[in-house]
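Welcome! Let us take a short walk through this structure together.

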Amino acid sequence: MSRYHHINLNYLENMSHGDDSMKKTLLEMLLTELESEIPKMKSLIEEADWKTLRETSHRMKTTLPYVGNQQMLNANLEIENRAKQLRQLEQVPQFQNQLESLYPKVLEELRAEYAKLG
Amino acid sequence: MTVKESLSSYNRTQNVLLVEDDSSYARLVEILLGESDIIDCKITNKQSLRDSLAELQEQPHYDAVLLDLSLPDSRGFSTLEHMLGAHPSLNIIVLTGRNDKDMGLHAVKAGAQDFLVKGEFDAEDLAKSLRYAIERNQFLKKLEETQRLARIGNWECEPDKHYFMASDEVYRIFGLPPRQTKYTCQDMLNPQNPFHLFLELQKESRENKNYIQKEIWIKRLDNNEERFVTLRCSARKIEGDEYYYNGIIQDFTDLKQAHLAQKESQKRYQEIFSQSYDAIYTADLNGHLLDCNDSTAKLLNIHKEELFSHDSIHNFFFPEEQKTIFLQHLSKRTAVKDFELQIARKDDQYRFCLVSTSFGKTSEGATYNCIIRDITERKQAEELRQARDIAEQTAKVREQVIAGVSHDMRTPMNAIIGMLNLLKRTELTDDQVEYIQSIKQSSSILLGIINDILQASSIKNNNVSFESERFSPRILATNLKEMLAHKVQEKALELTYAVAENVPEYIWGDQLRLNQILYNLVGNAVKFTERGKVHFSIDKLREDETSVSLKFTVKDTGIGIPPDKLEVIFQPFTRVYQKGKVFEGTGLGLSIVKNLIELQGGSISADSIPGKGSTFFFELTFKKQGVEEDTTVVESSQSNKKESIFEQDPETTHKILIVEDHKMNQVVAQKTLEEKWSNAYIKIADNGKKAIEILRKEDFDIVLMDIQMPVMDGLEATGIIRTQLEGKNQNIPILAMTAHVLLNDDESYYRDKGINDYVLKPFEPEELFQKIDHYIGQRSVST
């Protein structure tokens with residue numbers, strides 16, 4: 001049973017093909033991307049830059065499966081759909097809040113896994 | 001109780017019909033009978049024939065009739081005739097006048113029981129006559145009933161007096177209605193008359209001077225049914241040449257049929273007994289034979305006569321423990337069924353048998369019947385079958401283990417080769433590059449061995465299927481040369497090929513299998529050739545309306561094969577040695593090739609001169625036309641098959657362009673593809689614009705295109721590829737790799753944009769491999 005509560009690295013491990021260095025590389029890229037993109041999404045919402053928000057959210061859609069947090073995946077999808085359709089935009093901040101509230105815990109566990117690889 | 005006794009004790013009131021027109025005389029009769037203590041009567045008086053007949057019509061069961069022959073409506077003898085005509089079994093006593101005594105005698109002859117002369121009998125005479133008549137009549141009725149029950153009839157005849165009489169039962173036996181038919185002596189003279197046989201009996205009994213008995217089949221006249229009868233007849237001389245004959249006829253049909261059925265049954269059982277393959281015998285409880293069939297002697301391998309002289313058949317039973325149990329069953333009189341015993345024959349052969357018994361009894365004491373079935377051959381066959389099943393099962397398990405282990409080994413081997421490719425791109429010393437090259441070479445050899453074992457295992461387990469798709473033999477030959485180009489260059493050999501002009505441009509068959517066969521043979525030729533050249537060719541052998549047979553030849557100037565090895569070269573695990581040098585491989589390659597050719601109905605052979613070179617020939621027949629539906633089948637099944645084909649061939653070189661801006665996706669896609677195809681040539685473009693630049697300079701087999709990208713997105717880039725590029729890349733398969741879930745719903749929109757297919761991100765590797773295989777395979781056919 002996984003000792004993590006907020007991440008599930010099955011897909012990431014599958015795509016690493018049992019190669020720890022590959023796994024480490026992917027974790028590194030994952031951490032970098034999350035650390036830059038999630039805060040960026042908040043400022044895009046504040047600026048009402050829906051186009052860039054949609055592009056960022058779309059990128060995150062292929063990044064988040066490596067994290068394996070379903071709540072984050074869902075929240076990101078809600079944001080992308082609204083930014084794309086320009087409807088119910090008032091609900092976007094609440095999904096962004098969800099992402100932000102999960103994001104520190106996810107980062108913490110990803111860092112722990114990364115540290116484990118030495 | 002005798003019949004007489006039974007009649008005497010018959011003491012009930014008798015019903016008497018008095019037919020008398022003189023009422024005073026009728027009263028007198030009543031008084032006379034009323035005084036008698038011999039008989040107790042109830043008398044009914046009728047005064048005319050008509051009234052009498054009416055009364056009898058209503059109440060036919062009178063015990064006796066006292067009949068005056070002179071009635072107002074009938075006189076004389078005709079009165080009696082009328083009465084008997086209407087009621088033949090009536091018990092009639094005729095009353096006559098003093099002047100009519102002769103008529104009384106005549107009446108008795110005609111069927112009356114007795115006659116009384118009016119005025120000459122007293123009360124006792126009347127009562128006696130009446131009682132005797134009644135008792136005699138009852139006796140006759142019982143006799144007739146007995147005949148009927150016993151199905152026995154009697155007849156008598158005095159030919160000289162023209163007298164013949166047969167009881168009712170005689171007529172019934174012949175199927176004639178009794179009393180309606182009455183045959184006479186005259187009738188018997190007619191050979192067509194059924195009673196004519198009585199005449200013959202009379203003659204024979206007269207000649208034998210004794211009674212004669214015969215058993216014959218007769219045919220009933222009412223229903224043509226065959227009846228079996230016994231006839232007896234005795235002749236008694238009366239005087240001179242006059243004889244009296246007395247005979248009986250008895251119907252024994254039921255008994256005879258039962259007897260015949262029993263005989264038939266016995267015959268059947270005798271046939272079963274004598275012809276049975278099973279040994280069947282009857283013996284006393286000590287095993288002394290009373291009867292046995294030929295199979296018993298055959299089973300024991302001993303003459304039947306000798307067998308009967310043996311003390312006990314039990315002496316042949318074996319082993320002791322089973323024999324003891326069997327004898328215990330015998331002593332307890334408990335029957336056995338399919339009891340296992342062995343028969344120890346004189347020739348020291350042991351036969352496995354199943355024994356069943358039942359018990360009987362003869363005048364000499366208790367016996368038992370025994371059936372012995374020899375199951376030796378069955379048992380041996382069963383043992384053989386079990387041994388074969390175990391062997392087959394073991395072989396199957398072995399194959400499965402080999403396949404399983406090989407498969408499990410292949411995955412890490414692919415990973416090792418993939419990692420080596422990644423490692424090669426890092427900064428390395430010259431030594432490290434050399435080491436890596438060495439590891440990679442060994443890994444490829446090892447992977448090849450594993451793949452060979454897997455393939456051989458698949459063939460052995462009948463897990464090989466063949467597809468039919470349209471392809472060009474010329475393109476196949478060109479590609480094959482390209483695939484082997486680097487190996488040929490390494491050894492500085494010359495590789496050439498020729499496809500005869502009359503070989504059709506396109507044929508239908510399993511292109512991938514053919515490629516595998518040729519790759520193996522040409523690859524072998526390169527492997528075993530150090531100097532000179534390797535040449536392969538395709539020629540047409542025959543062609544008809546639907547198919548074309550091609551001959552493939554692979555010729556080299558290599559080390560050659562010794563004559564003694566030529567015979568076994570296609571057997572598994574056959575390897576070539578040369579001056580202590582062992583060539584790499586499992587020795588399965590040619591065996592796989594041969595199987596793949598033969599499974600497609602073809603044949604392969606080889607010629608060789610050691611030191612000069614070898615030539616391999618094989619023939620395969622291909623269809624000239626395919627069915628459109630086949631394409632779908634091929635395509636769908638191809639994806640399954642290709643997985644194994646390409647996975648098993650680390651040398652396969654796909655050229656893949658990944659167009660993806662997402663770094664993480666770039667790394668994962670590249671690694672995943674290299675994992676699958678260690679020799680794949682992969683390039684990455686960060687956006688559509690860069691992709692087009694690359695494609696203008698270099699040909700690829702397939703493009704994996706992200707849709708949403710900066711600078712130029714995937715749709716725009718695809719549009720330019722399809723419309724502005726020239727050459728091979730214009731029609732290159734483009735596989736979208738996208739997180740746009742809407743693609744599912746609007747697939748045709750993307751197809752219209754020139755995208756062949758898509759894989760959703762995050763992608764499943766197997767899905768990606770299958771689609772790449774599919775589109776590259778399809779392209780090679782259509783190019």
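Predicted model: local features only at pLDDT ≥ 70, side-chain atom pairs only at ≥ 80, totals over all residues.

Residues are numbered from 1 along each chain as its sequence is written, chains are lettered from A and ligands numbered from 1 in the order in which they are written, and side-chain values use heavy atoms, leaving out hydrogens and water.

Chain A has five helices and zero strands; helices (H or I, at least four residues) and strands (E, at least two) are DSSP runs, numbered from the N terminus. Of its 118 residues, 47% are buried, where buried means under 20% relative accessible area, exposed over 50% and partly exposed in between (1.4 Å probe, protein chains only).

Over all chains, the structure holds 48 salt bridges, each a side-chain nitrogen of Lys or Arg within 4 Å of a carboxyl oxygen of Asp or Glu. One of them joins Lys61(A) and Glu80(A) at 3.1 Å, N to O. Lys61(A) sits in helix 3 (residues 50–67) and Glu80(A) in helix 4 (residues 70–85) of chain A, so this pair ties together parts that are 19 residues apart in sequence. Both Lys61(A) and Glu80(A) are buried.

Within helix 4 of chain A, Glu78(A) and Arg82(A) lie four residues apart, about one turn of the helix, and their side chains form a salt bridge (2.6 Å, N to O). Glu78(A) is partly exposed at 29% relative accessible area, whereas Arg82(A), at 10%, counts as buried.
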